[in-house]
Amino acid sequence: MNFLFLLLSQVIIFPSQPNIKLKVVGQAAGNPNWAFFAPHENENVVNDYVTQQIIERGGVFVILRQDGKRLLRFDIDPFEVKLDPNRIFTKQGRRNNIIKHNPKLRTNTYVFHRAMRLSAALSELIISHLGGTDPSRQWVAIHNNTQGYLGDNKQGIGNVSITQYQQKLANGDSSIIAVSKQHRDEDNLFFVTEFQDFNALKQNGWNAVLQHPQVVTDPSEDDGSLSVYAQKLGIRYINIEAERSTNNFGENHLIEQKQMLDFILKRLYSNNTHINLSD
Ligand SMILES: [Zn+2]
């Protein structure tokens, strides 16, 4: 296993800023056509298990690395520009992302333009290691979130929970179209772009959220996230979210996130086999 791991993993350095790296396990080329991606470095509960599964079953797993934090930092001397690495996949997303995390940075400056160029280049590097943008590709994102959500009256923090998604849908949030809330921890959920996946998850008792296809046509919904970019490209996208401990608040839901991953791998694998058989 250790030898295979060394053989199958490599570290890619972002040429414009070498302290940003991609750890790439497996191979993106050919079959199977699935690519796993972990953009937030502090959301790594299930990463070892994903690595193990990719080595056994094929495909690729890309982990973005810098200093172990959620936000990425561009060092544009003498400034530090912060940004969310899951908001860099479209031009508008990059722009809003840089503005949001650097409120004092003016948009007509060299630093801002440089940050725009760097985030575009990083997006390209990530996508190429995920195997490109052919619609036959399948993307699985790996995330962790905090217990509950801000304003849940249970001291919850963060902004990901199936309860909160249900409220967002009820309040007319136009980025999502359906929510399946089941008797599970509210923080363990799938966020998907394809109705068939949503339906299968719902029927099998999982918490799940289906992204609204109108995120493609409504510019106000273009947040530059991988899910929106996937929908634009017609690429199947599945995000596997589970709770993690944050400063000793909440717990790492490793066992459930492994089960969630197993469910998705089985589904990807059977879909893949089906494609091969019908060819
Ligand atoms: Zn995340």
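**Conventions.** I number residues from 1 along each chain as its sequence is written.

**Confidence.** I looked up pLDDT, the predictor's confidence in each residue from 0 to 100, and found a chain mean of 93, with 95% of the residues reaching 70 or more. Over residues 274-279 the pLDDT is below 50, and beyond near neighbours in sequence this stretch has zero contacts in the model, a contact being two residues whose C-beta atoms, placed from the backbone, lie within 7 Å. Where pLDDT is low, the predicted coordinates should not be read in detail.

**Sheet.** I took helices (H or I, at least four residues) and strands (E, at least two) as DSSP runs numbered from the N terminus, and I counted two strands as paired if DSSP finds at least two bridges between them. Nine strands form an open sheet of mixed pairing, in the order β1-β2-β4-β3-β7-β11-β9-β10-β8. β1 (9-13) and β8 (176-180) stand at the edges with a single partner strand each, so one side of each is left without a neighbour in the sheet. Within the sheet, β2 (residues 21-26) and β4 (residues 60-65) pair in the antiparallel sense over six bridges, and V25 stands opposite F61 in β4.

**Helix α6.** I then followed α6 (residues 195-203), which lies across β8, β9, β10 and β11 (236-243). Its residues D197, F198 and L201 are buried, that is, 20 or more other C-beta atoms lie within 10 Å of their own, whereas 12 or fewer make a residue exposed and counts in between make it partly exposed, with C-beta atoms placed from the backbone. Seen down the axis of α6, the buried residues fall within an arc of 100° (taken from the directions from the helix axis to the C-beta atoms), so they line one face of the helix. On the other side of α6, I found F195, Q196 and Q203 exposed. Just after α6, G205 takes a positive phi of about 80°.

**Helix α3.** In α3 (residues 91-101) I found G93, R94, N97 and I98 buried. They cover an arc of only 125° around the axis, which puts them on the same side of α3. Their cover includes β6 (79-83) and α4 (110-129).

**Core.** W139 is among the residues that touch the most other members of the largest nonpolar core, which has 63 residues.

Methods
This is a predicted model: local features need pLDDT of at least 70, side-chain atom pairs count only at pLDDT 80 or more; totals for chains, interfaces and linings use all residues. A nonpolar core is a set of buried Ala, Val, Leu, Ile, Met, Phe, Trp, Tyr and Cys residues joined through C-beta atoms within 7 Å. Axes are lines fitted to C-alpha atoms, for helices over the stretch in contact, and angles run from 0 to 180 degrees between N-to-C directions.
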